[in-house]
Amino acid sequence: MTTLNSEPVASLLDRLFTEADASRVDIPATFAGMTDDQAHAMLGSRTEYLDLYTRMKDLPLPVSREAGSLLYMLARFGNARSIVEFGTSFGISTLHLAAAIRDNGGGRIITTEFEPSKIARARRNIEAGGLLDLVEIREGDALVTLGRDLPESIDLVLLDGAKGLYNDILDLLESRLRPGALLVGDNADMCPEYLERVRAIGGGYLSIPFADDVELSMKIG
């Protein structure tokens, strides 16, 4: 048994994923009156993200069940003790990562979210999972909250916030990534500059698309 498939985490995640599946019908309302091109541009914007995610403050916006399991496995396989997460939302991905850290023997996750109501819900969920002691939740714009007080060495990064900021967030974290550190970019196709960077030959990363919407990269330089 692992923390992930033991109580209270297993039933908690099942409930949260079920609630998230039910909420997906509300996502189109966020983009009411927009064309597909306008909606896609807003999702990838480096300037409109605060407005966008304020509109979606009541939506869980979680990773998929499969991506959650992948995060747990990557963190366990790499014996991750120091993790940074961009985009807490309701804490579903945070729970997967914290479960891995618990099973690795301890460590810390720094996760960041600018919407106060989401932070409150995430904190309740992580506490209900018995994992809050492993998690530091930073409130505010990640360009500020991840610009200070970072661990000397980072083992794994999850990028699942405003898509247009993935490259900017990597700028903040890159000097702390240990050789072999993993980057998981959800919906990374919405930030072409990020994909160009991690896929560049000689750019210091080995990177592949995983499933339909995840980019998995490893720091090699």
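**Notebook: aromatic cluster, cores and selected residues**

I began with Tyr166 and Tyr194 and found both of them buried. For this term I use a relative accessible area under 20%, with exposed meaning over 50% and partly exposed the range in between (1.4 Å probe, protein chains only). The model is predicted, and local features need pLDDT of at least 70 and side-chain atom pairs pLDDT 80 or more, while totals for chains, interfaces and linings use all residues. Residues are numbered from 1 along each chain as its sequence is written, and side-chain values use heavy atoms, with hydrogens and water left out.

**Entry 1: aromatic rings**

I looked up how many aromatic pairs the structure holds, and there are two. For a pair, the ring centres of Phe, Tyr or Trp (its six-membered ring) lie within 6.5 Å; planes under 30 degrees apart are stacked, over 60 edge-to-face, and the rest tilted. Phe86 and Tyr166 make an edge-to-face pair, with 6.2 Å from centre to centre and 80 degrees between the planes. Phe86 belongs to strand S1 (residues 82-86) and Tyr166 to helix H9 (residues 166-173), so this pair ties together parts that are 80 residues apart in sequence. Helices (H or I, at least four residues) and strands (E, at least two) are DSSP runs numbered from the N terminus. Phe86 and Tyr166 are both buried. Tyr166 also pairs with Tyr194: the centres are 5.8 Å apart and the planes stand at 80 degrees, so this pair is edge-to-face. With Tyr166 in helix H9 and Tyr194 in helix H10 (residues 192-199), the pair ties together parts that are 28 residues apart in sequence. I therefore record Phe86, Tyr166 and Tyr194 as one aromatic cluster, given the pairing rule.

I then checked for a charge over a ring, which requires NZ of Lys or CZ of Arg within 6 Å of the ring centre and within 35 degrees of the ring normal. Lys219 lies over the face of Tyr205, at 5.6 Å from the ring centre.

**Entry 2: nonpolar cores**

A nonpolar core is a set of buried Ala, Val, Leu, Ile, Met, Phe, Trp, Tyr and Cys residues joined through side-chain atoms within 4.5 Å. Which members of the largest core touch the most others? I noted Ile83, Leu97 and Leu131, out of 35 residues. Elements that each supply at least two residues of this core include helices H1 (9-23), H5 (65-77), H6 (92-104) and H7 (116-128), as well as strands S3 (135-139), S4 (154-159), S5 (177-186) and S7 (214-219). H6 gives the most, with seven residues. A second, separate core has 24 residues, among them Ala142, Leu159, Ile169 and Ala181.

I also listed the contacts (heavy atoms within 4.5 Å) of Leu131. Beyond its neighbours within four places in sequence, Leu131 is in contact with Thr3, Val9, Leu95, Ala98, Ala99, Arg102 and Ile126.

**Entry 3: Thr145**

Thr145 is part of helix H8 (residues 142-145), and its relative accessibility of 2% makes it buried. Neighbours within four places aside, Thr145 is in contact with Thr112, Arg138, Glu139 and Gly140.

**Entry 4: backbone geometry**

I looked up the backbone exceptions next. Glu7 and Pro8 are joined by a cis peptide bond, with omega about 10 degrees; Pro8 sits in the segment before H1.

Ser89, although not a glycine, has a positive phi of about 50 degrees. Ser89 is in the loop between S1 and H6 and counts as buried at 9% relative accessibility. Asp149, likewise not a glycine, has a positive phi of about 50 degrees. Is Asp149 buried or exposed? It is exposed, at 56% relative accessibility, and lies in the loop between H8 and S4.

From Ser89 I turned to Ala120, which is 31 residues apart from it in sequence and 9.7 Å apart in space, C-alpha to C-alpha. Ala120 is in helix H7 and is partly exposed, with a relative accessible area of 33%.

**Entry 5: whole chain**

The chain has 10 helices and seven strands, and 53% of its 221 residues count as buried. Among contacts with a separation of 6 or more, 72% are between residues 24 or more positions apart. The accessible surface (Shrake-Rupley method, 1.4 Å probe; for residues, only the protein chains shown count as cover) is about 10,100 Å², and 54% of it belongs to carbon and sulfur atoms.
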